[in-house]
Protein chains: 2
Amino acid sequence: MAYRETPKTQARKADTKAKILDAARQIIALKGFSGLTVATAAKQAGVATGSMYRYFPNKIELCTALFRQLSGREVDEMRAIAKLDLSPAQALARCCFNFTQRAFRAPVQSYALMAEPLDPALEMERLVYRRAYADVYQSIIERGIEAGDFEELDSHTASLAVVGMLAEPLLAPLHQFYCGESAPYDSRKLALSISRLCLNSLGAKDQLQDKDFNEQFNEYA
Amino acid sequence: MAYRETPKTQARKADTKAKILDAARQIIALKGFSGLTVATAAKQAGVATGSMYRYFPNKIELCTALFRQLSGREVDEMRAIAKLDLSPAQALARCCFNFTQRAFRAPVQSYALMAEPLDPALEMERLVYRRAYADVYQSIIERGIEAGDFEELDSHTASLAVVGMLAEPLLAPLHQFYCGESAPYDSRKLALSISRLCLNSLGAKDQLQDKDFNEQFNEYA
DNA sequence: CCAAGCTGTGAATCGTGATTCACTTTATGT
DNA sequence: ACATAAAGTGAATCACGATTCACAGCTTGG
């Protein structure tokens with residue numbers, strides 16, 4: 001026996017794996033998952049088709065890894081906001097603005113994660129991440145209810161409703177990008193409307209003043 | 001020349017077309033679009049695979065026709081509610097209850113229409129019908145704003161948010177049905193929570209009394 | 001009854017893309 | 001340098017369903 005794994009080969013292996021994932025991400029960002037074939041991803045990553053299978057057992061696993069990586073980042077972003085020292089209403093408003101802003105920064109990728117038709121296995125992942133978003137919102141909502149800032153309501157359903165409220169209005173414009181018909185779109189106004197609707201839905205009347213919204217609105221780059 | 005179409009042959013043709021659509025619908029209702037192949041639909045309809053192509057130029061057109069038929073019914077249901085002589089708040093609440101109730105009556109079919117991964121051409125149709133739902137809600141919302149029952153807000157975004165609020169909380173349970181893991185679920189409570197959230201989001205505080213909600217809640221079969 | 005033109009059939013064909021595999025190249029430890 | 005085990009390759013294979021097509025059975029007006 002003579003060959004053994006070394007830190008060096010392990011590092012190279014991890015590197016290539018990351019390179020493949022990044023290549024796949026670039027494709028997603030441009031064409032969505034529908035444009036991602038093993039062959040194109042291989043070419044983009046600069047490896048042969050067959051090599052892909054040294055790093056991922058099959059295409060689904062590759063896609064799943066990518067999906068988790070990208071969705072994970074987004075959810076983490078929301079988690080980070082939830083951890084800031086903000087009132088529940090402020091936290092939620094900021095989530096609305098950030099989510100919208102980030103979606104429009106990488107519209108095709110966002111569409112791919114949020115709504116593009118996917119393999120059933122990935123659809124399952126999508127549900128998991130929706131639930132993860134909802135968990136973040138639910139914790140904020142419960143904090144708000146305890147503080148008396150929000151109405152007493154079913155925080156579980158409310159959190160899912162927030163997920164829906166946030167995603168649905170973005171879908172049509174994001175789909176445009178996905179189809180390559182990018183029209184200019186005032187996503188800032190959209191975020192403003194959505195944040196109002198979200199807070200209203202929780203009965204957060206008077207929790208945020210116009211100035212709070214305006215602050216978010218103006219920070220929105 | 002000797003052959004010509006007659007009312008009789010036209011009727012037979014229409015009949016078979018309807019039979020095929022209904023066969024497809026049955027499959028959707030059981031397995032979703034992913035279970036719908038030209039071959040299985042043909043067998044279910046009692047015709048040969050090749051015959052399918054006498055009635056629909058290709059699978060996409062068949063699916064599109066089916067999708068339109070089923071989604072059309074659902075949207076019509078909402079339109080009918082919008083036309084009743086109800087206050088905007090009552091109309092919206094009723095939409096929430098009806099939508100939820102109908103979704104759970106045919107859970108797999110509803111999941112298929114609302115969220116199952118589909119061919120891009122069908123995904124386009126889905127967007128169209130989401131917009132159609134939103135149009136109905138928007139008309140109600142605008143009525144509510146004019147009447148001073150709802151807050152002044154962007155009715156376009158609000159209508160989309162309502163679509164999202166209504167759909168998202170149903171998704172996880174409906175997906176369970178789609179996966180064949182049907183767990184018992186109290187959809188009535190869900191409808192109640194959702195209707196509260198919807199009305200809240202529009203700033204419809206005090207538009208509906210508890211008794212209004214209870215009425216819907218109790219009518220829910 | 002006949003010719004013309006539908007409608008019905010289902011096995012064979014086709015297209016798409018994932019996956020495999022026999023072979024080459026590279027890395028490792030003795 | 002050598003034997004061994006991975007990693008790299010890309011053309012060939014495979015799987016899955018939609019679609020086609022050559023032929024058979026009906027309908028119709030003349």
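Predicted model: local features only at pLDDT ≥ 70, side-chain atom pairs only at ≥ 80, totals over all residues.
Domains first. Chain A is assigned two of them: domain 1 covers 7-56, and domain 2 covers 67-219. Their centres, over C-alpha atoms, are 30 Å apart. How do they touch? On the domain 1 side, 9 residues make contact, and they meet 12 residues of domain 2. Together the two domains of chain A bury about 740 Å², with 67% of that on carbon and sulfur atoms. The touching side of domain 1 has 5 nonpolar, 2 polar and 2 charged residues. Between these domains we count 0 salt bridges. Polar contact does occur, in 3 residue pairs across the interface.

Now salt bridges. Over all chains, the search finds 16.

Start in chain A. R126(A) pairs with E123(A) at 3.0 Å, N to O. The two residues sit 3 apart in helix α7, so about one helical turn separates them. R126(A) is buried, at 5% relative accessibility. E123(A) is buried too, at 6%.

Chain A also holds a network: E74(A), E77(A) and R102(A) are linked by salt bridges.

Over to chain B. R68(B) meets E125(B) at 2.8 Å. This one spans 57 residues, from helix α4 to helix α7. Buried or exposed, what is E125(B)? Buried, at 11%. R68(B) is partly exposed, at 42%.

Last pair. R102(B) and E74(B) meet at 2.9 Å. R102(B) is in helix α5 and E74(B) in helix α4, so the bridge ties together parts 28 residues apart in sequence. R102(B) is partly exposed at 22%, while E74(B) is buried at 17%.

Methods
Residues numbered from 1 in each chain as written. Chains lettered and ligands numbered in written order. Heavy atoms only, no water. Domains from an automatic or database assignment. Contact = heavy atoms within 4.5 Å. Buried area = accessible area lost by both parts, 1.4 Å probe. Salt bridge = Lys/Arg side-chain N within 4 Å of Asp/Glu carboxyl O. Polar contact = N/O pair within 3.5 Å; in protein donor to acceptor, adjacent residues only side chain to side chain. Nonpolar A, V, L, I, M, F, W, Y, C, P; charged D, E, K, R; others polar. Helix = DSSP H or I, 4+ residues; strand = E, 2+ residues; numbered from the N terminus. Buried < 20%, exposed > 50% of the residue type's maximum accessible area, 1.4 Å probe, protein only.
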